[in-house]
Amino acid sequence: MSAVTPFHRIDSGRTLRVIEEADRGVYWCHMHAGAAPGRRACFSTALVDDIIEYQRNLGDRLRLGSRMAASSLPHVVLASDSDAFNLGGDLELFCRLIRSGDRDGLLTYARQCVRGVHAFHAGLDAGVHSIALVQGDALGGGFEAALSCHTIVAEEGALMGLPEVLFDLFPGMGAYSFLCKRITPHQAEKLMLEGNVYTSEEMHRMGLVDVLVPKGHGVEAVEDVIRANRRIPHARAAMHQVRALAQAVTLDEMMRITEIWVDTALQLGEKSLRTMDRLVRAQSRRANSEAA
């Protein structure tokens, strides 16, 4: 990678590490920065809020044109500092809110997640090309976040999937809408209801991963995508507009779907919640092992 000009690096008390190459119009957004031992690589409330805050800040600046020196097609790369890309929604929070019957709390969280993924899908409303760099497992909401991006670059060996059906739930923050832009609705429903986890190689064969590269070559592949887009910036920007017209995923559609998700989640019984509890413990063990 070329030398970078950092905009800021969020300290260990926050959840993002951001590097801005303003001269090239490339913005790297690394989740799970400064993770404390045992902190799970999931969409915590803090992480979701930090992503949305950064999206709004960057989108505003790009629309003003104050940071666009060398490129008419900016790129935002969603990546991770953890060994996992993202393991999905905060299951510990889900259990607590479901057990207390807190519909407002669960809906607030879900809507924030939807705003975040939709912003990547919509290019921050600033003509951005979004890239997911998947260098570790992307499960549940983590896979939804990757699907929201225009291009998915994945390294071999990463596990990807939507296992929510394990606790009698479905992925309700964009998965169906985004999947149906890449595969048939029948295939999307099958993927969601079977809950299988696949390798990145298998996802590439399905057409759900755009660029597959050997482990350790993800950053290089992202640079290749950026160079290719830079050779045809007007055509690529126009294609974003065409996609928005022909294959729109609206924020309203996603908000209505996530309300169905919330109401379904609140119907879950203790058996499903205990399954979530076990997954939380497994994620915590994984985080502790990574920290060690």
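Colleague: With which residue does R61 form a salt bridge, and how far apart are the closest N and O atoms?

Modeller: Before I answer, please keep in mind that this is a predicted model, in which local features need pLDDT of at least 70 and side-chain atom pairs count only at pLDDT 80 or more, while totals for chains, interfaces and linings use all residues. Residues are numbered from 1 along each chain as its sequence is written, and side-chain values use heavy atoms, with hydrogens and water left out. As a general idea, side chains of opposite charge can pair when their charged atoms come close. The term salt bridge is used here for a side-chain nitrogen of Lys or Arg within 4 Å of a carboxyl oxygen of Asp or Glu. R61 forms such a bridge with E20, and the closest N and O atoms are 2.7 Å apart.

Colleague: Which parts of the chain does the pair of R61 and E20 tie together?

Modeller: To name the parts, we use DSSP runs numbered from the N terminus, where a helix is a run of H or I of at least four residues and a strand is a run of E of at least two. R61 belongs to helix α1 and E20 to strand β2 (residues 16-21), so the bridge ties together parts that are 41 residues apart in sequence.

Colleague: Is R61 buried or exposed?

Modeller: Buried means under 20% relative accessible area, exposed means over 50%, and partly exposed lies in between, with a 1.4 Å probe and protein chains only. R61 has a relative accessible area of 14% and is therefore buried, and E20, at 0%, is buried as well.

Colleague: How many salt bridges does the rule count, and which residues are joined with R40?

Modeller: The count comes to 20 salt bridges. R40 pairs with D90, with the closest N and O atoms 2.9 Å apart. That pair links distant parts of the chain, since R40 is in the loop between β3 and α1 whereas D90 is in the loop between β4 (75-80) and α2 (91-99), 50 residues apart. R40 also forms a salt bridge with E92, at 3.2 Å between the closest N and O atoms. Because E92 lies in helix α2, this second pair ties together parts that are 52 residues apart in sequence. E92 is partly exposed, with a relative accessible area of 44%, whereas R40 counts as buried at 12%.

Colleague: Which residues touch the most other members of the largest nonpolar core?

Modeller: In soluble globular proteins, nonpolar side chains tend to be buried together. A nonpolar core is a set of buried Ala, Val, Leu, Ile, Met, Phe, Trp, Tyr and Cys residues joined through side-chain atoms within 4.5 Å. The largest core has 71 residues, of which V134, L179, W261 and M276 touch the most other members. Helix α3 (residues 103-121) gives the most to this core, with nine residues. Another core, of 13 residues, lies apart from it and includes I19, V77, V153 and V213. Contact means heavy atoms within 4.5 Å; leaving aside neighbours within four places in sequence, the contacts of W261 include F94, L106 and M173.

Colleague: How many helices and strands does the protein have in total?

Modeller: The secondary structure comes to eleven helices and ten strands. The radius of gyration is taken over C-alpha atoms, and the globule rule is 2.2 Å times the number of residues to the power 0.38. Here the radius is 18 Å, close to the 19 Å that the rule gives for 292 residues, so the protein is as compact as a globular protein of that length. Of those 292 residues, 51% count as buried.
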